[in-house]
Amino acid sequence: KIPEEQWAQVIDKVGGPLQYKKIPVAKPGPEEVLVNIKYSGVCHTDLHAVNGDWPIPTKLPLVGGHEGAGIVVARGDLVTDEICKIGEAVGVKWLNDSCLSCTFCQQADEPLCLTPKLSGYTVDGSFQQYCIASARHVAHIPEGVPLDEVSPVLCAGITVYKGLKESGARPGQTVAVVGAGGGLGSLAVQYAKAMGLHVIGIDTGEEKKALATKLGAQSFIDFAQSSDIIKDVKNATKDGLGPHAVILVAVSEKPFQQAAEYVRPRGTVIVIGLPAKAYIRAPVFESVLKMVRIQCSYVGNRQDSEEALDFFARGLIKVPFKTVDLKELPKVYEMMHAGQIAGRYVLKMPD
Ligand code: 8ID
Ligand code: ZN
């Protein structure tokens, strides 16, 4: 019942165009599974990949996508039921595979693996009906969870959950989410709230303001309207000293050069967003006297993934999403490029 051919969104070269066409269905290797993707979120990373924004090249031709939720329909000979069952609901994440043997994998820092496979970047991803993934790395989606709504958790959710953990922010403290109306940001607001943190949302426009506020941000700062963002962020905290942590999930360079100035003394700036050719900047004098910590965070390991999904399964996270068909991906990229997406778009695969 697994077909020979399937629908996919493919690019042949950097910059596109996207081609919606039929391609062969791959066969899983000994330690792989074949996942019948039902839904896939569209992350800004997918657009960075099309645009060639980053210093490492993608495979070509490339099928993008790394928030794929679907059902395991075939598996390799070495995949036992303990690892992954046929018929199970699983998620295809950005980290499609890691070696599990290098010094980083050994310490559960799988995202730092020296020879990773990245879904929708160095291997074909979830913008197709049948996707290959490493059996040991697929996320196990709890029973009863809707596959459309959960798909954005598979990158956006895991990544911001991990970033919040890395920040060390504790219940009762305040975190600023920069890019709070976007895909990662709209989930960061909710994970932070669920962790007992106060949230300052930073983004632009009425729609993103309404969304961030509805999802739990106690205050919102419109970066396009603010004449002094440093002052406004500090003033949004009770004592005027600034947030204990800042989660940077914006796709422009500016905030990566501002956050160290408004974070609280002994506070932590967590860098997650990956705008093209951007640099982090902080004034040495003020940063030293404030003992500021600047730390980067990159997706999450298998345990982080399980925990992020568990928050969702417990009803603590509502994904603000709109669903369109796989063939509509070019329109989603256009809106994303224009900064017009509040929350996430999720692609529905053809039946
Ligand atoms: O593991 C990682 N580090 C990781 C994982 C997943 C994604 C990193 N990312 C990266 C993506 O590659 C991308 O660069 O995180 C970034 C955010 O991805 P996204 O949430 O999928 O993008 P989006 O939905 O377009 O949201 C971006 C938001 O940033 C706002 C925009 O208005 C939008 O809502 N924004 C911008 I552009 N400039 C801003 C500013 N100066 C800003 N918000 C506040 N201040
Ligand atoms: Zn992503």
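H66 is buried, with a relative accessible area of 0%, where buried means under 20% relative accessible area, exposed over 50% and partly exposed in between (1.4 Å probe, protein chains only). The structure is a predicted model, in which local features need pLDDT of at least 70 and side-chain atom pairs count only at pLDDT 80 or more, while totals for chains, interfaces and linings use all residues. Residues are numbered from 1 along each chain as its sequence is written, chains are lettered from A and ligands numbered from 1 in the order in which they are written, and side-chain values use heavy atoms, with hydrogens and water left out.

C43 is placed in the loop between strand 3 (32–41) and helix 1 (44–51), and H66 in the loop between strand 4 (62–63) and strand 5 (68–75), so the pair ties together parts that are 23 residues apart in sequence. Helices (H or I, at least four residues) and strands (E, at least two) are DSSP runs, numbered from the N terminus. C43 is also buried, at 3% relative accessibility.

Around ligand 1 there are 29 residues, of which H44, T45, D203, S252 and V299 come nearest; a residue is near a molecule or strand if one of its heavy atoms lies within 4 Å of it. Polar contacts (pairs of N or O atoms within 3.5 Å; within protein, one must be able to donate a hydrogen and the other to accept it, and residues adjacent in sequence count only if both atoms are side-chain atoms) were examined for the side chains of this shell. In H44, a polar side-chain atom is 2.7 Å from an oxygen atom of ligand 1. For T45, an N or O atom of the side chain lies 2.7 Å from an oxygen atom of ligand 1. The side chain of S252 places a polar atom 2.8 Å from a nitrogen atom of ligand 1. On its own, ligand 1 has 910 Å² of accessible area, and the protein covers 92% of this. Accessible areas come from the Shrake-Rupley method with a 1.4 Å probe; for residues, only the protein chains shown count as cover.

The shell around ligand 1 draws at least two residues from each of helix 1, helix 5 (183–194) and strand 12 (198–203), and helix 1 supplies the largest share, three residues. By class, the shell comprises 15 nonpolar, 11 polar and three charged residues. Ala, Val, Leu, Ile, Met, Phe, Trp, Tyr, Cys and Pro count as nonpolar, Asp, Glu, Lys and Arg as charged, and the others, Gly among them, as polar. Ligand 1 lies between domain 1 (5–155 + 300–348) and domain 2 (157–296), because both give residues to its shell; the domain bounds come from an automatic or database domain assignment.

V299, one of the residues that come nearest to ligand 1, has a positive phi of about 35° although it is not a glycine. V299 is located in the loop between strand 16 (293–296) and helix 10 (302–313) and counts as buried at 10% relative accessibility. A positive phi, near 50°, is also found in M291, a residue other than glycine. M291 belongs to the loop between helix 9 (284–289) and strand 16.

Two cis peptide bonds are described here. One joins G16 and P17, with omega about 5°, and P17 is in the loop between strand 1 (5–11) and strand 2 (19–24). The other runs from L60 to P61, with omega near -10°, and P61 is in the loop between helix 1 and strand 4.

Further positions were placed by their surroundings. G216, in the loop between helix 6 (206–215) and strand 13 (219–222), is buried at 15% relative accessibility. L309 lies in helix 10 and is buried, with a relative accessible area of 1%. L309 and G216 are 93 residues apart in sequence and 19 Å apart from C-alpha to C-alpha. L112, in the loop between helix 2 (103–106) and strand 8 (117–118), counts as partly exposed at 41% relative accessibility. From C-alpha to C-alpha, L112 is 9.7 Å from G300, although the two are 188 residues apart in sequence.
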